[in-house]
Amino acid sequence: MDGKVLDELLLKERLIYVKLSEFEDLTRQLGEALDRRDEVSVQMLLNMRGEPANRMQEVDQQVRHRILELPEDDAIRAREILEGGEQRGPEEGALCGQVLQNRRLLERCRTLDKQLSMRMGGPRSFYTKFR
């Protein structure tokens, strides 16, 4: 896979990281609003979390589309990297590192979201339904 494709994918992964960071920050603020029992802020923050989530989905679709445009071997390798595959050469280092960083942040977001959902929804929480 050439350097241009790796750079494109890295740029998209960095954008996903920025949006994940925004989502995490809004989720933390949501937890603080819940602690204060500030219903207006809770509703506002719930609505605001949709923007970074939607943008991440758009970027993910762009990445998927770009992968479909690649030659088969490059597409397979790109998918492996984006799914957390091991680095095979120094040129893949930055992308593999960013993917790993995104995965860690996503897991933190999931954990935080689950905690808040359980607090807000209790037995009606999304996470309770899928245990």
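Read along the sequence, the protein chain of this predicted model follows the pattern α-α-α-α-α-α, which comes to six helices and zero strands, where helices (H or I, at least four residues) and strands (E, at least two) are DSSP runs numbered from the N terminus. The radius of gyration, taken over C-alpha atoms, is 18 Å, well over the 14 Å that the globule rule gives for 131 residues, so the chain is more spread out than a compact globule; that rule is 2.2 Å times the number of residues to the power 0.38. Along the principal axes, the C-alpha atoms fill a box of roughly 50 × 25 × 25 Å.

Helix α1 (residues 3-36) has 34 residues that should span 50 Å at 1.5 Å a residue, and its end C-alpha atoms, 49 Å apart, agree with this; the expected span is 1.5 Å times one less than the number of residues. After α1 comes Arg-37, whose phi is positive, near 60 degrees.

The axes of helix α2 (residues 39-48) and helix α3 (residues 50-69) come within 5 Å and cross at roughly 10 degrees, these axes being lines fitted to C-alpha atoms over the stretch in contact, with angles from 0 to 180 degrees between N-to-C directions. The two helices α2 and α3 are therefore roughly parallel to each other, a term for angles under 35 degrees. Their contact (heavy atoms within 4.5 Å) is made by Leu-46, Asn-47 and Met-48 of α2 and Gly-50, Glu-51 and Pro-52 of α3.

Residues are numbered from 1 along each chain as its sequence is written. Local features need pLDDT of at least 70, side-chain atom pairs count only at pLDDT 80 or more, and totals for chains, interfaces and linings use all residues, while side-chain values use heavy atoms, leaving out hydrogens and water.

Definitions and conventions
Parallel < 35°, antiparallel > 145°, perpendicular 65-115°, else oblique.
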